Amino acid sequence: MARARFAAELSAARAARRWLREELSSPGLPAALQERVELLTTELVTNAVRHGSGPVAVECDVRARAAGRVVRVAVADTSDARPQLRHVAPEATGGRGVALVDALSARWGVERSGAHGKVVWFELDLPG
């Protein structure tokens, strides 16, 4: 499992994408799957920075499960506020991050982390 911490700044999403690209190069993920992981991670990190507080921690793990291999990414912050799945108007300029995670991941969820904070995670099934 690989872990990284980023300052609670909007540039954290770009830094997390760059970090993930390096971490996921060795498992040899198909390009389309790697792009999806990067997109969903960007959404979670951006939400953690905008709606959370404190530094943002990102964990990435490629692991075996009974049904096959999965890639799991978890983003932690120190806010208790849970992400909201919203259905926004087509002309809205934001509010789609959790909907993207919901639509493009195999599974996702939220867990408490310590006295204050949460971890939002998603999983994608790997081919083969």
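First, the ground rules. This is a predicted model, where local features need pLDDT of at least 70, side-chain atom pairs count only at pLDDT 80 or more, and totals for chains, interfaces and linings use all residues. Residues are numbered from 1 along each chain as its sequence is written, and side-chain values use heavy atoms, with hydrogens and water left out.

Let's start with strand S3, residues 68–77. Helices (H or I, at least four residues) and strands (E, at least two) are DSSP runs, numbered from the N terminus. Eight of the 10 residues of S3 are buried, so the rest of the structure largely encloses this strand. By buried I mean under 20% relative accessible area, with a 1.4 Å probe and protein chains only.

Who does S3 pair with? Its partner is strand S5, residues 118–125, in the antiparallel sense over eight bridges; pairing takes at least two DSSP bridges between the strands. Val75 has Val120 in S5 as its bridge partner. S5 is mostly covered too, with seven of its eight residues buried.

S5 also pairs with S4, again antiparallel, over six bridges, and there Trp108 stands opposite Phe122. The hairpin of S4 and S5 has five residues between the strands, and Gly114 in it takes a positive phi near 70 degrees.

Now the inside. The largest nonpolar core has 29 residues, and among those with the most contacts inside it are Trp19, Val58, Val73 and Phe122. Such a core is a set of buried Ala, Val, Leu, Ile, Met, Phe, Trp, Tyr and Cys residues joined through side-chain atoms within 4.5 Å. Elements giving two or more residues to this core include strand S1 (2–6), helix H1 (11–23) and helix H2 (31–51). H2 gives the most, seven residues. A second, separate core of five residues includes Ala57, Ala74, Val119 and Trp121.

Finally, helix H3, residues 97–104. Which of its residues are buried? They are Gly97, Val98 and Val101. These cover an arc of only 100 degrees around the axis, which puts them on the same side of H3; the arc is that of the directions from the helix axis to the C-beta atoms. The buried residues of H3 pack against H2, S4 (107–112) and S5, where contact means heavy atoms within 4.5 Å.

Conventions:
Buried < 20%, exposed > 50% of the residue type's maximum accessible area, 1.4 Å probe, protein only.
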